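Reader: Could we go through this structure together? I would like to begin with the terms and then turn to the details.

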Amino acid sequence: MSPRIALAFFALGAATRIPFQTENLWAHDSVLYERAIAQFDPLAQQPQAPGYLYYVLVLRALDGVTGDANRAMTIVSLVAGAAAVALLYVLAARLYDERTARVSALFLLTAVTFWAYGGVAYPYTLLAALTTLCALLFWRAAASRRARDLLAASAAWAIAIGFRSDLAIFLAPVWLIAAWGTSLLAAIAAALVVGALVALWYVATAVADGGMARFAEALAEQGKFVDDRYSVFGTNGLHAIVGNSYELARFLGRGLYFLAPLLIAVPLSAAARRIELADRRRTLFVLAWALTPLVIYVPIHVGEYGYVFSMLPGLCVIAARGAIALARGARMPRALPLVVGAVVVANASIFLLSSTPLSANDVIRKDRGTSEKAAYLARPDMDGSEVIAAYDYLVAERYVIAPQEGRHAFFWYDPAATTSTDVRPQGGGTIVIWDDLIHVTGPGWREVVMPHGAKLRIAQVPAGALLRIRGLEVAVVAG
């Protein structure tokens, strides 16, 4: 393991993300984080509970320097994404060898959705960086079996929970593996460190949110929201597993692309299986790190593409081992560079050249489209229009409604909670669909394509007409 190579991966990670930094808040949660910078209030969804206090404090500090909440968030995304690549190189080198380390880092560097999120106002590259840093420290503790290493790793984990509370569950099995080889006294001391630092974060968050009772209410409301829409513990019951599994497969598929076949190569190769099983503790560590999030994502909730970044670094290590297994099985000295090069180029090409979701073209389309659609709605002939939005409601409100108060009516709905609803525009008039994902049917629609490809769907509806909304479909129905 070379510190120079680790630094080179960090620099490469930053350099490849800088050209794709976005100018506008990316999505619903981005707006909530911007509001939290001004006033931290999880009960008012600023941001959603449990509040991610430490992340908000970092954003607040950067916002004080930049004067731009979006820029503060994208700086964190860029630095955390680059750090995750460098940290994965170090971790994989300590788990296996230099060859595995370089391949793992290259795979994460060119993962399509991970590349895209290095330039947007979302906290998910930070999730990848934190889980990789904690895994690195836990593996050092597992290898050394020293109490001080376990204590240091436990303290880092507890602090990371203050940034991303889901890491409390995702890294718990990894902590157990690290603690297993130390003394009982060291394990108890490490558990107390975790408990004390997590309690400190919880109390600090509650105080910032106006008290214990208010913060508990925020947590309860957020839990009920997730249960009602996504979880097996809500009205969906076991059917939620189907929806969550589909979303998880979609998010992982676009995060992995050509890495996916390499994951299968490890269990299929007899030689690779022998190597992995020769150190069962290491194998258990990697699998626990990469796969534990499934216990939340499948039965409860996997909200969007960035969630799987808790798994992606570990899956990149497994894919690297798969590439090595393929090269070994081919018995060709130059097979590994060819396999790795082909996968890296293929994934990078998807990001740089295609127009698939979260490719560079798609990121530019959405980011520039926010400004372009807002400018279009600022035209005098669009005054009095009624804007319908779903997932991008808060973004539209942030860039369209607030600066031009009273010029547009607005209707928002949640596709996850809305099976069917009818809306009657006030006295007829102009209807505008903001979200690109919403489909329109019925007469009278025209599509206005923005310079970078984003779209507004616009219809002139007569008095008495109905709009029927079903999920992501809006139809004009005769009144």
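Author: Buried means under 20% relative accessible area, exposed over 50%, and partly exposed in between, with a 1.4 Å probe and protein chains only. Helices (H or I, at least four residues) and strands (E, at least two) are DSSP runs, numbered from the N terminus. The model is predicted: local features need pLDDT of at least 70, side-chain atom pairs count only at pLDDT 80 or more, and totals for chains, interfaces and linings use all residues. Residues are numbered from 1 along each chain as its sequence is written, and side-chain values use heavy atoms, with hydrogens and water left out.

Reader: Which residues of α13 are buried?

Author: In helix α13, these are Ala240, Asn244, Leu248, Phe251, Leu252, Gly255 and Leu256. Seen down the axis of α13, they fall within an arc of 120° (taken from the directions from the helix axis to the C-beta atoms), so they line one face of the helix.

Reader: And which are exposed on the other side of α13?

Author: His239, Val242 and Tyr246 are exposed there. After α13 comes Tyr257, with a positive phi near 45°.

Reader: What phi does Gly453 take in the hairpin of β6 and β7?

Author: Gly453 has a positive phi near 105°, in a hairpin with 5 residues between the strands.

Reader: Now the rings: how many aromatic pairs are there?

Author: The count is 25 aromatic pairs. Rings of Phe, Tyr and Trp (its six-membered ring) pair if their centres lie within 6.5 Å; planes under 30 degrees apart count as stacked, over 60 as edge-to-face and the rest as tilted. Tyr33 and Tyr55 form an edge-to-face pair, 5.0 Å centre to centre with 90° between the planes. This pair links distant parts of the chain, with Tyr33 in helix α2 (residues 28-38) and Tyr55 in helix α3 (residues 53-66), 22 residues apart.

How values were computed. Pairing = 2+ DSSP bridges.
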